[in-house]
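Welcome to this short tour of a protein structure. Please have a look at the sequence and the 3D view, and then read on.

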Amino acid sequence: MKRTLTLGLMMALLAGCQGSPAGVANAADGLAADQAAESADDMAEAAATVGDFAAWLADFRRQARAEGIDAATLDQALDGLRYRPRIIELDRSQPEFVRPIWQYLDSAVSASRVTTGRDRLAEHRDTARDVARRYGVPAEILVAIWGVESNYGGNFGDFSTLEALATLAFDGRRRDFARDELMAALRIIEAGDIAPERMIGSWAGAMGHTQFLPSSFTAYAVDADGDGRRDIWGSIPDVLASTANYLAESGWQPGATWGEEVRLPPGFDYAQAELSTRRSSREWAELGVRPVGGGELPDFEAAAVITPAGASGPAFLVGPNFRAILRYNNATSYALAVGTLAEEIAGRDGILAGWPRDEQPLARRQVREMQRSLNRRGYEVGVADGILGPNTRRGLREFQRAIGEIPDGFATRRLLERLTD
């Protein structure tokens, strides 16, 4: 129970330890005396943290006032703000295993999410069409982002954005970033867009139905319903228009698709399957890339081929609108989920090729071991950080080529075993 207690229970335990050991035991709801002594030490440390947070918050209040936030807003937003240990636990935790992309897509593009997306689109069809006409972003893309980000408002978090950002600015891994976001949140409140108690979102500070950080809100949020407030918590017109404005400002090209599933020719050079390698659709067609459903490739001036599971999984030709989605959330799996969910909401095919579902994910420690082994063998992939980035894929392709396998750069346990023999 050391680091998972609420502040209220922390203070209750501390109050108990100021009396007798029996008082500590009572406050800890029946803890044995030896456990109570240990808890008292922990609670004293927690109380010190609370005191440090209060001092930090007072200093931040002075900084915010100096940056032009009015005193009434500061009182409204910061009075009673609490330090939340759970947020620090979440900030510092890093899952040992990363889900394979097919498992992520199974959840993000589930049958129920497709059905609900169609229902939400039908429910808000006029609004979605108006927004699509204004910003040039298809309604199904907007609804797909809504679905992936918060399950259509079913789960956009229950943390106070102010408490989350204040906690992270005080004690998180990216304190300056969180401080700037907290300042942006204060400006949102000062503008009258939302009351502090309604500013709710994730532990990381993302807010509302489509999970805007405060700085993104100030840059892109829109009052589409004309009530004088930009409300991404309660107004679906504001939610859809704000999301569309974000994508439009991120380079969305009206009338173009995000991408298409493709079939690659025999002998395809998988070193070309990186988002940073861009060619026109005509050039990719000359290399033998074809749509899986037949016909012509989408007309892109600068497109990339991606193969998230190497030669054993689907391949996609993606264009500027895929990159616009990445600016919303910079993860290939996320952008692919949004694009695929949008296709299925619109009644088109999802992903047709199969995934290598028999492959087990590598733990981060195994990725680090793979990276160290590649470095020892002279493939120079850089720091062993446990992240399967472009340098690691390049090194893997070189190793695969050396052992006579298809050099697709897809990390598997079998390749790890070959590397560490």
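Which residue in β6 is the bridge partner of glutamate 260? The bridge partner in β6 is leucine 317.

## Before we start

This is a predicted model, in which local features need pLDDT of at least 70 and side-chain atom pairs count only at pLDDT 80 or more, while totals for chains, interfaces and linings use all residues. Residues are numbered from 1 along each chain as its sequence is written, and side-chain values use heavy atoms, with hydrogens and water left out.

## The overall picture

The protein has 19 helices and 6 strands. Helices (H or I, at least four residues) and strands (E, at least two) are DSSP runs, numbered from the N terminus. Of the 421 residues, 50% are buried. Here, buried means under 20% relative accessible area, exposed means over 50%, and partly exposed lies in between (1.4 Å probe, protein chains only).

Contact means heavy atoms within 4.5 Å. Among contacts with a separation of 6 or more, 66% are between residues 24 or more positions apart.

## The sheet

Strands of a sheet pair through backbone hydrogen bonds, either parallel or antiparallel. In this model, an open sheet of 4 strands has the order β4-β3-β6-β5, with antiparallel pairing. β4 and β5 (304-306) stand at the edges with a single partner strand each, so one side of each has no neighbour in the sheet. Two strands count as paired if DSSP finds at least two bridges between them.

Let us walk through the pairs. β3 and β4 (residues 290-291) are joined by 2 bridges, and valine 262 has proline 291 in β4 as its bridge partner. β3 and β6 (residues 315-318) pair over 4 bridges. Finally, 3 bridges join β5 to β6, where valine 305 has leucine 317 as its bridge partner.

## A pocket beside β3 residues

The second largest pocket has a volume of about 280 Å³. It is lined by 16 residues, of which Glu260, Glu261, Glu343, Asp349 and Gly350 lie nearest its centre. The elements giving two or more residues to this lining are β3 (259-263) and α16 (332-345), and the largest share, 3 residues, comes from β3. By class, the lining has 5 nonpolar, 6 polar and 5 charged residues. Ala, Val, Leu, Ile, Met, Phe, Trp, Tyr, Cys and Pro count as nonpolar, Asp, Glu, Lys and Arg as charged, and the others, Gly among them, as polar.

How is a pocket found? On a 1 Å grid over the protein atoms alone, a pocket is an open set of points where a 1.4 Å probe fits, with protein on both sides within 12 Å along at least five of seven lines; lining residues have an atom within 4 Å of a point. Grid points are joined across faces, edges and corners, and a volume is the space filled by probe spheres set on the points.

## Buried and exposed spots in helices

Threonine 340 is placed in helix α16 and counts as buried because its relative accessibility is 6%. Leaving aside residues up to four places away in sequence, threonine 340 touches Val109, Trp258, Gly350 and Ile351. In helix α10 (residues 161-171), 11 of the 11 residues are buried, including Leu162, Glu163 and Phe170.

Arginine 133, in helix α8 (residues 125-135), counts as exposed because its relative accessibility is 63%. Its side chain makes a polar contact (2.3 Å) with the side chain of aspartate 130. A polar contact is a pair of N or O atoms within 3.5 Å; within protein, one must be able to donate a hydrogen and the other to accept it, and residues adjacent in sequence count only if both atoms are side-chain atoms. The C-alpha atoms of arginine 133 and proline 254 are separated by 9.3 Å, with the two residues 121 residues apart along the chain.
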